[in-house]
Amino acid sequence: MGFLDFLTDAGLSTLESWVTTRSYIAGYGPSQADVASFKALKGPPKVEKYPHAWRWYKHIASYQSEFASLPGDPSKAYTTYGPETSELAINPKNAPAADEEEDDDLFGSDDESEDEESKKKREENLAAYKKKKEGKTKPAAKSIVTLDVKPWDDETDMKELESNMREIEMDGLTWGASKLVPLAFGIKKLQVNLVVEDEKVSIDDLQAQIESDEEHVQSTDVAAMQKL
């Protein structure tokens, strides 16, 4: 399906829903998907009505000088991105009562007239299905985090700072895109995106490791964090 016309409430509602749990339109860093979607808007969405879309718009606006160099296909229309199907809310009153009721139907109806052998076979199949269903491993909970890494002064070697930071390896940690953001007096901070598995990576421990590079790093802050 993709995004709808952003000039309509339906289109902006789709965008709002899409970026509620995402920092970018596609992937873990800014791309031509964000550029196309950004340019399709006439201006920032109303923050009172579309707070997540407004946040995404302001974030992508900070990359405007880099639009041409961002990865992706610049010829693709923004309508090629977004949800593949319409995600409509379901009234709980109209939803199926329970998974077990649906599971029963997978193996035939519970007809009183069925013979004992058929009934036993159906119950065995149902028990095997439930056991298999319970054994499935749930996907690991993940978060996308934006960290601000601040140097001591304008003479700090930011390339060396970033190189040292990216040498940090932790199970469940994936480094993403980064950029330098001006602070004041010629000093720039490093802003980096990363994805972590919540049960494996402590953000506090990660910040402590980054700040252990005392020659380059003055401090770190969590600028944003969202569940994936």
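At 11% relative accessibility, S31 counts as buried in this predicted model. The residue belongs to the loop between α1 and α2, the latter spanning residues 32–40. The protein as a whole contains 7 helices and 4 strands, and 36% of its 228 residues are buried.

**Overall architecture**

- Among contacts with a separation of 6 or more, 69% involve residues 24 or more positions apart.

- Apart from neighbours within four places in sequence, S31 is in contact with A26, L70 and P71.
- P71 is located in the loop between α3 and α4, where α4 covers residues 99–105.
- P71 counts as exposed because its relative accessibility is 53%, and the threshold for that class is over 50%.
- S31, by contrast, counts as buried at 11%, since the class of buried residues lies under 20%.
- Not counting residues up to four places away in sequence, P71 touches P30, S31 and Q32.
- The C-alpha atoms of P71 and G29 are 9.2 Å apart in space, while the two residues are 42 residues apart in sequence.

**Helices α1 and α3**

- Helix α1 comprises residues 9–19 and helix α3 comprises residues 51–61; the two pack at an angle of about 75°, and their axes are 7 Å apart.
- This angle makes α1 roughly perpendicular to α3.
- On the α1 side the meeting residues are L15, E16 and V19, and on the α3 side they are P51, H52, A53, R55 and W56.
- Sorted by class, this contact has 5 nonpolar, 1 polar and 2 charged residues.
- The buried residues of α1 are G11, L12, T14, L15, E16, W18 and V19.
- The cover over these buried residues of α1 includes α3 and β4.
- W54 also has its place in helix α3, and W54 counts as partly exposed at 32% relative accessibility.
- Leaving aside neighbours within four places in sequence, W54 is in contact with P44, P45 and V47.
- W54 and G43 are 11 residues apart in sequence, with a C-alpha to C-alpha distance of 9.4 Å.

**Helix α7 and its surroundings**

- In helix α7, which covers residues 203–211, the buried residues are I203, L206, Q207 and I210.
- Viewed down the axis of α7, these buried residues fall within an arc of 100°, so they line one face of the helix.
- As a general point, an α-helix has 3.6 residues a turn, so residues three or four places apart point the same way.
- The elements covering the buried residues of α7 include β1, α6 (158–166), β2 (173–184), β3 (187–197) and β4 (217–227).

**T146 in strand β1**

- T146 has its place in strand β1, which runs over residues 142–151.
- With a relative accessibility of 8%, T146 counts as buried.
- The side chains of T146 and N193 are joined by a polar contact of 2.8 Å.
- Apart from neighbours within four places in sequence, T146 is in contact with Q191, V192, N193, D221, V222, A223 and A224.

**The loops on either side of β2**

- G172 is found in the loop between α6 and β2, and G172 counts as buried at 16% relative accessibility.
- Not counting residues up to four places away in sequence, G172 touches V195, V196, E197, K200 and V201.
- One of these residues, E197, is 25 residues from G172 in sequence, yet the two are 4.9 Å apart in space, C-alpha to C-alpha.
- F185 lies in the loop between β2 and β3, and F185 is exposed, with a relative accessible area of 78%.
- Most residues other than glycine have a negative phi.
- F185 has a positive phi of about 55°, although it is not a glycine.

Note on methods:
Residues numbered from 1 in each chain as written. Predicted model: local features only at pLDDT ≥ 70, side-chain atom pairs only at ≥ 80, totals over all residues. Heavy atoms only, no water. Buried < 20%, exposed > 50% of the residue type's maximum accessible area, 1.4 Å probe, protein only. Polar contact = N/O pair within 3.5 Å; in protein donor to acceptor, adjacent residues only side chain to side chain. Contact = heavy atoms within 4.5 Å. Axes fitted to C-alpha atoms, helices over the stretch in contact; angles between N-to-C directions. Parallel < 35°, antiparallel > 145°, perpendicular 65-115°, else oblique. Nonpolar A, V, L, I, M, F, W, Y, C, P; charged D, E, K, R; others polar. Arc of directions from axis to C-beta.
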